[in-house]
Amino acid sequence: MYLSLVMPSEEDHKLEAQKNEVFSKSIESELSSGGSCGKVNNWIIIAEFYRAVHYVDAVLSRSSYHPKKHGDRFSYIESRRDFSNKAETVYETIYDLSQQARYNCVKMNKGQVNSARKCIKILENELDNIP
């Protein structure tokens, strides 16, 4: 059995980014209801990273490029002249934070959550400038 894959559009990716933002904020409300701060912060950062992935993929989809792996996405971003160094740097920062949260079992703190969110805002602004 073969699945027919229709590649997501720019709008599809933007919608997924928005869903990740909503998810991130809903998890944060867990903190105010006595949830485990470290675990909640880790999931916030992971959701913020996937929000960033979808913002980047929304731009890449304009060129009909749909990376399957993070490494492919990084390579393509580095090869494009329209991605600013700032966009690359903040995307890499969010990626690194999510790697620490997902695979290195680092308990993330509120400062790291704030850093990820600040990076997302910068990334959004930078990507908005790409035609």
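Contact here means heavy atoms within 4.5 Å. Keep that cut-off in mind for each selection below.

**Start with confidence.** This is a predicted model. Colour the protein by pLDDT. The average is 89, and 90% of the residues score at least 70. Now compare the elements. Helix 1, residues 10–32, has the lowest mean pLDDT among them, at 89. Helix 4 has the highest, at 95.

**Select H54.** You are in helix 2, which spans residues 37–61. Is H54 buried or exposed? H54 counts as buried because its relative accessibility is 17%, and the cut-off for buried is under 20%. Set aside the neighbours of H54 within four places in sequence. H54 is then in contact with H13, E16, A17 and N20.

**Select residues 70–79 and 85–103.** These are helix 3 and helix 4. Draw both axes. They lie 11 Å apart, and the helices pack at an angle of about 165 degrees. The angle is over 145 degrees, so helix 3 runs roughly antiparallel to helix 4. Look at the handedness too: helix 3 passes helix 4 in a left-handed crossing.

**Show the side chains between them.** Which residues meet across this pair? From helix 3, pick H70, R73, F74, I77 and E78. From helix 4, pick E88, Y91, E92, Y95 and R102. Colour the selection by class. The contact of helix 3 with helix 4 holds five charged residues, four nonpolar and one polar.

**Last stop.** Return to the pLDDT colouring and stay on helix 4, the element with the highest mean.

Technical notes:
Residues are numbered from 1 along each chain as its sequence is written. This is a predicted model: local features need pLDDT of at least 70, side-chain atom pairs count only at pLDDT 80 or more; totals for chains, interfaces and linings use all residues. Side-chain values use heavy atoms; hydrogens and water are left out. Axes are lines fitted to C-alpha atoms, for helices over the stretch in contact, and angles run from 0 to 180 degrees between N-to-C directions. Helices (H or I, at least four residues) and strands (E, at least two) are DSSP runs, numbered from the N terminus. Angles under 35 degrees count as roughly parallel, over 145 as roughly antiparallel, 65 to 115 as roughly perpendicular and the rest as oblique. A crossing is left-handed if the near helix is turned anticlockwise from the far one by less than a right angle, and right-handed if clockwise. Ala, Val, Leu, Ile, Met, Phe, Trp, Tyr, Cys and Pro count as nonpolar, Asp, Glu, Lys and Arg as charged, and the others, Gly among them, as polar. pLDDT is the predictor's confidence in each residue, from 0 to 100. Buried means under 20% relative accessible area, exposed over 50%, partly exposed in between (1.4 Å probe, protein chains only).
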